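Welcome, and thank you for joining this tour. Please open the model in your viewer and keep the selection tool at hand.

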Amino acid sequence: VDGILSGAGAATPEALDAGSLTFAIPQTLVLDGLDDTVAKTFERTVAQLRDAGATIVEIPFSELGDIPAANAKGGFAAAEAYAWHKELLAANGADYDPRVGGRIVKGAEQSAADYIDTMMERKRLIAAANTVTMPFDAVIAPTVPIVPPTIAEVDEDEAYGPINLLCLRNPSVWNFLDRCAISLPCHRVGDAPVGL
């Protein structure tokens with residue numbers, strides 16, 4: 001992927017022997033609230049990896065449970081987006097999608113101390129995550145815990161907020177931990193999309 005994106009061209013690596021790989025599945029946060037489709041697809045994919053010879057280890061990875069509290073005041077995204085958009089919001093706030101603008105404005109509620117606290121907690125959690133995951137070739141989880149909602153399902157603001165946060169949760173975990181990640185489609189042709 002790096003070769004393609006950098007213009008150097010794609011190299012075809014030699015396939016790894018699945019029997020030489022060990023994958024960790026966190027039991028904290030990233031498996032919470034899976035819908036039936038995602039749960040069954042993820043279980044089937046993990047079984048395929050096992051059948052191919054990969055070692056699968058379920059780990060507590062309790063540090064993931066600390067991330068929501070670290071982001072309770074909006075996290076980095078709200079603060080950084082507000083710093084960039086504050087003048088535009090003041091001049092043209094009505095032109096923003098209210099759901100997006102509302103999330104950006106939460107950044108104004110953070111103090112510099114809040115932002116620094118979040119940075120320090122992130123640093124602690126990155127170090128802890130590095131220790132926890134060092135023995136593994138990769139950490140695997142569903143990319144998103146639910147299949148894509150219909151537009152009607154997120155039409156009302158009361159429904160949109162929780163569904164949006166759920167859809168963002170797993171990718172946000174790896175962003176917070178400054179991890180590289182990739183989502184690989186693992187659903188069968190014709191089924192609703194699910195990523196690993």
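Helices (H or I, at least four residues) and strands (E, at least two) are DSSP runs, numbered from the N terminus. This is a predicted model, in which local features need pLDDT of at least 70 and side-chain atom pairs count only at pLDDT 80 or more, while totals for chains, interfaces and linings use all residues. Residues are numbered from 1 along each chain as its sequence is written, and side-chain values use heavy atoms, with hydrogens and water left out.

**The whole chain**

Begin with the protein chain in cartoon view. You will find seven helices and three strands, arranged along the sequence as α-β-α-β-α-α-α-α-β-α. Taken along the principal axes, the C-alpha atoms fill a box of roughly 55 × 40 × 40 Å. Of the 196 residues, 30% count as buried; buried means under 20% relative accessible area, exposed over 50%, and partly exposed in between (1.4 Å probe, protein chains only).

**The sheet**

Next, select the three strands. They form an open sheet in the order E2-E1-E3, with parallel pairing; two strands pair if DSSP finds at least two bridges between them. E2 and strand E3 (138–139) are the edge strands, each pairing on one side only.

Now colour strand E1 (residues 22–26). Four of its five residues are buried, so E1 is largely enclosed by the rest of the structure. How many bridges join E1 to E2? There are five, and the two strands run parallel.

**A loop stop**

Move on to the loop between strand E2 (55–59) and helix H3 (67–70), where Phe61 is found. Phe61 has a positive phi of about 45°, although it is not a glycine. Is Phe61 buried or exposed? At 2% relative accessibility, Phe61 counts as buried.

**Two packed helices**

Two packed helices are described by the angle between their axes and the distance between the axes. Select helix H4 (residues 75–92) and helix H5 (residues 98–105): they pack at an angle of about 115°, with axes 8 Å apart. The axes are lines fitted to C-alpha atoms, for helices over the stretch in contact, and angles run from 0 to 180 degrees between N-to-C directions. H4 and H5 are therefore roughly perpendicular to each other. Angles of 65 to 115 degrees count as roughly perpendicular, under 35 as roughly parallel, over 145 as roughly antiparallel, and the rest as oblique.

Show side chains here. Ala78, Ala81, Tyr82, His85 and Leu89 in H4 meet Gly101, Arg103, Ile104 and Val105 in H5, where contact means heavy atoms within 4.5 Å. By class, this contact has six nonpolar, two polar and one charged residues. Ala, Val, Leu, Ile, Met, Phe, Trp, Tyr, Cys and Pro count as nonpolar, Asp, Glu, Lys and Arg as charged, and the others, Gly among them, as polar.

**After helix H7**

Finally, go to the segment after helix H7 (157–176), where Asp178 has its place. The phi of Asp178 is near 60°, a positive value in a residue other than glycine. At 57% relative accessibility, Asp178 counts as exposed.

End with the cysteines. The structure holds zero disulfides, a disulfide being a pair of cysteine sulfur atoms within 2.5 Å. Cys180 is in none, and the nearest cysteine sulfur, that of Cys186, is 18 Å away. Cys180 counts as exposed at 78% relative accessibility, whereas Cys186 counts as buried at 12%. The sulfur of Cys186 is 15 Å from the closest cysteine sulfur, in Cys167, too far for a bond.
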